[in-house]
Amino acid sequence: MARVFLVVMDSVGCGGAVDAARFFNDDLPDTGANTVAHIAQACAKGLAEEGRSGPLTVPHLDALGLGAAVRLASGDETPGLDAKPTGFWGAASEQSPGKDTPSGHWELAGLPVPWDWGYFPKGAPCFPDELVAKVCELAGTDAILGNCHASGTVIISELGAAHVKSGAPICYTSADSVFQIAAHEEHFGLERLIDLCRDLAPILHEMKIGRVIARPFVGNAEEGFTRTTNRRDFAIAPPAPILTNWVQDAGGAVLGVGKIGDIFTMAGIDSCTKGSDAKLMQDLHGLAETAPDGSLIFANFVEFDSLYGHRRDVAGYARALEWFDREIGAFIAKMREDDLLILTADHGNDPSWPGTDHTRERVPVLCAGVGSGEAGLIDFVDVAATAASHLGVTPPRGRSFL
């Protein structure tokens, strides 16, 4: 009996979004952003040599159709990605008015976002006084730190010592619909941070802020501060059934890998594992052996985005892609006869682009287990419809591209 492995390579976009001019990094529109193509071009020019060398080397992804998907989506050159695809491939466009995690994942799961997200204005302070007062009340502090748009790694470097000294949580946002709180795991307390974010989430959700994120960190001023893998996302629950519900309601098991459980508030998900991408890859390999027939395994690998895209680290992103390629090649070798693997992304995060925010892009859709062929340009919701159809479940939205 069939199984589906739906794997999101977080932020691995392929350019070409027709509405990219409506989305911005600071004052620059995302027109022309292309995560994969620009990484491949930088590698070919010898501009991504830290920890690796030479052209981008991802033979398994390219054989599935990665280079072809980038060229279809955008027309951009993809040096080093010139394989004739042996997988089933295409490129998908998002309809939801966002370039963030919930928008992309909800639509990949069959539900375009039915409203406009709320956002916080740029400038400092950026949060309403009543929200700041509520954070202080729940945290038991007299003040917060931050109160601005910021990079998470930069703001803990700048304010980590002041946080440890004062106990005030570091609150910040980005171009996404998000409210983030960073706090030291030992000085502030991990459970205290998670409880604070959980208690604040309903208030932020009423404002149509998509996620409240706990961002724990460790370290000290002398040696530096480092974020840990104990991040927790408290997202708005999808307002209608999604792919996970479709499969679960039909009697199939739904197993999450990574932040999938947080993104969907465990809607339709039986269990979920968390950890670093290296640990999650071990989990995915294990599920190739143990996941029951008829199951949906829905995975997210976030470190492309969190460690390299936002930090505009082209070489690091290239290393991560090459690591993922080696691992996914080994995973494909473990697949059963009726399994379907769908590799895709939720948005872009071009590490060569100005700014630090996500970039509006089409995303590749690469399939193993169903022979070769071209899906062409499709919609995000068609990914959900294809996964459901492979499991014998009739999708209420979208169309199967197989």
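## Helix 1, mostly under cover

Let's start with helix 1, which spans residues 35-44 in this predicted model. Eight of its ten residues are buried, so the helix is mostly covered. The buried ones are Thr35, Val36, Ala37, His38, Ile39, Ala40, Ala42 and Cys43.

What sits over them? The cover for the buried residues of helix 1 includes helix 3 (66-74) and helix 12. Just past the end of helix 1 comes Gly46, and its phi is positive, at about 75 degrees.

## Helix 12 and its partner, helix 10

Helix 12, one of the elements covering helix 1, runs over residues 314-334 and also packs with helix 10 (residues 277-290). The two axes lie 9 Å apart, at an angle of about 10 degrees. Angles under 35 degrees count as roughly parallel, so that is how helix 10 sits relative to helix 12.

Which residues make the contact between these two helices? On the helix 10 side, look for Asp277, Ala278, Met281, Leu284, His285, Ala288 and Glu289. Helix 12 brings Trp323, Phe324, Glu327, Ile328, Ala330, Phe331 and Lys334.

Leu138, Ile203 and Met207 together make a nonpolar surface patch of about 200 Å². Of these, Ile203 belongs to helix 7, which covers residues 185-206.

How values were computed: Residues are numbered from 1 along each chain as its sequence is written. This is a predicted model: local features need pLDDT of at least 70, side-chain atom pairs count only at pLDDT 80 or more; totals for chains, interfaces and linings use all residues. Side-chain values use heavy atoms; hydrogens and water are left out. Patches are made of residues with over 30% relative accessible area and no salt bridge: like charges are joined within 9 Å, nonpolar side chains (Val, Leu, Ile, Met, Phe, Trp, Tyr) within 5 Å. Accessible areas come from the Shrake-Rupley method with a 1.4 Å probe; for residues, only the protein chains shown count as cover. A salt bridge is a side-chain nitrogen of Lys or Arg within 4 Å of a carboxyl oxygen of Asp or Glu. Helices (H or I, at least four residues) and strands (E, at least two) are DSSP runs, numbered from the N terminus. Axes are lines fitted to C-alpha atoms, for helices over the stretch in contact, and angles run from 0 to 180 degrees between N-to-C directions. Angles under 35 degrees count as roughly parallel, over 145 as roughly antiparallel, 65 to 115 as roughly perpendicular and the rest as oblique. Contact means heavy atoms within 4.5 Å. Buried means under 20% relative accessible area, exposed over 50%, partly exposed in between (1.4 Å probe, protein chains only).
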